[in-house]
Amino acid sequence: MACNCLCRPLLSNLLKSMLLLLQLLDFDSEVSAARNKRKEALFYSIESASHVGNIIKVEKTKSGLDCAFLCLQMPQGSCLSFNFGRIATNGLHICELSNSERALEPHKLLNRINFVYYGMKMSDLTRFLPCLSSPCRNGGLCVNGPTLEMFTCNCSLEIRVLPYIDHKCNVNESHIEVVKQLHVQGVMQAQVGKLQLNYFEAMRLCEILNGSLATLDQLTAAWQAGLQICR
């Protein structure tokens with residue numbers, strides 16, 4: 001059972017008062033000088049559970065808050081959740097840092113007595129891994145950047161009739177006209193103004209419209225239904 005509250009009887013008062021908002025100044029000289037941003041994350045908790053298989057570091061901490069700060073101190077995007085042991089030995093608890101998260105690999109969340117799993121909420125997860133929100137359009141491949149909220153879109157080969165208008169591989173879709181759409185095997189006719197398209201440009205236009213070039217059987221069926229003009 002998931003809970004959006006971090007408050008637990010065995011955690012410190014400071015942890016309770018933080019209301020899950022964990023802020024940590026990034027003192028890396030090169031990065032902080034360039035962007036002057038803070039790392040912060042909102043975590044949710046699941047009792048008697050741990051996320052396994054992606055543990056990158058195991059430490060001993062005095063509290064869950066200390067474990068959370070260790071997670072945020074890791075390089076960008078390398079720590080997305082942590083398992084916190086409830087039972088202390090000499091005042092220290094087990095803190096397991098993970099480079100994965102329940103939302104990414106739900107099958108790796110297992111029952112584990114005396115442990116609490118802390119996962120990063122999706123709103124913050126997409127700040128650390130912005131490609132999770134699928135920001136790249138029209139078949140562009142997203143690559144997470146080295147700093148918060150930064151990403152790069154590797155766009156597919158551009159076509160002359162529909163050039164990209166921004167770094168997210170968007171095109172000006174107002175130039176695309178769906179001339180006629182038939183309920184015959186999902187065939188439709190589309191064009192970009194009055195321009196003639198070569199085979200590759202027609203294929204990319206179909207991809208932008210979340211389709212593909214019609215097969216011979218589809219064209220035959222569309223022609224028999226009245227779509228007799230091909231541009």
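Phe43, Phe82 and Tyr118 come together as one aromatic cluster. Keep in mind that this is a predicted model. Overall, the structure holds three aromatic pairs, and two of them are laid out here.

| Aromatic pair | Centre to centre | Angle between planes | Geometry |
|---|---|---|---|
| Phenylalanine 43 and phenylalanine 82 | 5.3 Å | 65° | edge-to-face |
| Tyrosine 44 and tyrosine 117 | 6.2 Å | 70° | edge-to-face |

Let's take the phenylalanines to start with.

Now the tyrosines. Tyrosine 44 also lies in strand β3, while tyrosine 117 lies in strand β7 (residues 109-120). They are 73 residues apart, and here too the pair links distant parts of the chain.

Are these two tyrosines buried or exposed? Tyrosine 44 has 8% relative accessibility, so it counts as buried, because the cut-off for buried is under 20%. Tyrosine 117 comes out at 0% relative accessibility and therefore counts as buried as well.

There's a charge-over-ring contact to look at too. Which ring does the charged end of arginine 112 sit over? That would be the ring of phenylalanine 115, with the charged end 3.5 Å from the ring centre.

Technical notes:
Residues are numbered from 1 along each chain as its sequence is written. This is a predicted model: local features need pLDDT of at least 70, side-chain atom pairs count only at pLDDT 80 or more; totals for chains, interfaces and linings use all residues. Side-chain values use heavy atoms; hydrogens and water are left out. Rings of Phe, Tyr and Trp (its six-membered ring) pair if their centres lie within 6.5 Å; planes under 30 degrees apart count as stacked, over 60 as edge-to-face and the rest as tilted. Helices (H or I, at least four residues) and strands (E, at least two) are DSSP runs, numbered from the N terminus. Buried means under 20% relative accessible area, exposed over 50%, partly exposed in between (1.4 Å probe, protein chains only). A charge sits over a ring if NZ of Lys or CZ of Arg is within 6 Å of the ring centre and within 35 degrees of the ring normal.
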